[in-house]
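Here are my notes on this one, jotted down as I went through it. Have the viewer open while you read.

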Amino acid sequence: MSRVQALVADLDEHIRTEAIAPGQRVATMEQLREQSGLARQTIGEALRILAERGTIEIRPGRTGGIFVAQSSPVVRLRHTLLATSELDRTTVADAVAVREALEELIVTEAARHRQAKDVRELRKQLTVMKKAVADHRAFVRANWALHERIAAITPNELARGFYLAALRCVEDLSIDMTIEELERPTTYLQKRLAVHVELVDAIAAGELAPIPGIVARHNATDTD
């Protein structure tokens, strides 16, 4: 797990376990730097992810800081799922089904609205995936991070919120990978990587026509 992902998980858990109410302060940037020992850039990236998920809001100025966001239906849905005591593979499968149903819309919106900065960051995340083809767990984490970044591009807040809620449920509720999954050949991860390269290429080019086919291949590789 990267430092950014670890900080995201820690802050998310802190907000839930301490029952910090919407509108209440979580911390300031300086407090997070002192507590975590991490660089400002690392903390900023973690906060960006939490803000895009609707978990926090960042207020500038002398009285600003990091505050718990006003609860939205999407955030409440995710918290309800995470609070459920009987979580199993069926719950994960349901979350995957929701995510896959929204995949084409999310990718299409990203292709329509991407900026140069978005494309650079998507390419950077693809590089992380390429470096992780020999490590199944690291590859999956990089895969999730890429999809979070794709979703961040869309201005459709409702679609983005439900997509990220489903994606986060898959991340948070998934049981550790089985030996069979971990022992899949590197060629399997390379196949998945190739589909994600196609996704990013289509988004970068703003090409909408190929997206349905690419998304279908993407979803098929998830179940191979």
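Predicted model: local features only at pLDDT ≥ 70, side-chain atom pairs only at ≥ 80, totals over all residues.

1. How many bridges does β3 make with β1, and how many with β2? Strand β1 (residues 25-27) pairs with β3 (residues 65-68) over two bridges, in the antiparallel sense. Strand β2 (residues 56-59) is joined to β3 by four bridges, again antiparallel.

2. Next, the turn between β2 and β3. The two strands form a hairpin with five residues between them, and Gly61 there takes a positive phi near 95°. As a rule, it is residues other than glycine that mostly have a negative phi.

3. Ala19 is the one to look at with that rule in mind. Its phi is near 50°, which is positive, and this residue is not a glycine. Where is Ala19 found? It belongs to the loop between α1 (3-17) and β1. Ala19 is also exposed, because its relative accessible area of 59% is over the 50% cut-off.

4. Now the helices. Two numbers describe a packed pair: the angle between the axes and the distance between them. For α1 and α3 (residues 40-52), the angle is about 55° and the axes are 9 Å apart. That makes the pair oblique, and α1 passes α3 in a right-handed crossing.

5. Which residues of α1 meet α3? From α1 they are Arg3, Val4, Leu7, Val8, Leu11 and Asp12, and they meet Thr42, Ile43, Glu45, Ala46, Leu47, Ile49 and Leu50 in α3. By class, the contact of α1 with α3 has nine nonpolar residues, one polar and three charged.

6. The other pair is α7 (residues 136-153) with α10 (residues 186-205). Here the packing angle is about 15°, and the axes are 12 Å apart. Why do α7 and α10 count as roughly parallel? Angles under 35 degrees fall in that class, and about 15° therefore qualifies. The crossing of α7 and α10 is left-handed.

7. In that contact, α7 brings His136, Phe139, Asn143, Leu146, His147 and Ile150. Facing them in α10 are Tyr188, Leu189, Arg192, Leu193, His196, Leu199, Val200 and Ile203. The contact of α7 with α10 divides into nine nonpolar residues, four polar and one charged.

8. Last, a link across the sequence. Is Ala101 buried or exposed? Ala101 lies in helix α5 (residues 89-113) and counts as exposed, at 65% relative accessibility. Between Ala101 and Asn219 there are 118 residues of sequence separation, while their C-alpha atoms are 9.6 Å apart in space.

Notes:
Residues numbered from 1 in each chain as written. Heavy atoms only, no water. Axes fitted to C-alpha atoms, helices over the stretch in contact; angles between N-to-C directions. Parallel < 35°, antiparallel > 145°, perpendicular 65-115°, else oblique. Left-handed = near helix turned anticlockwise from the far one by under 90°. Contact = heavy atoms within 4.5 Å. Nonpolar A, V, L, I, M, F, W, Y, C, P; charged D, E, K, R; others polar. Pairing = 2+ DSSP bridges. Buried < 20%, exposed > 50% of the residue type's maximum accessible area, 1.4 Å probe, protein only.
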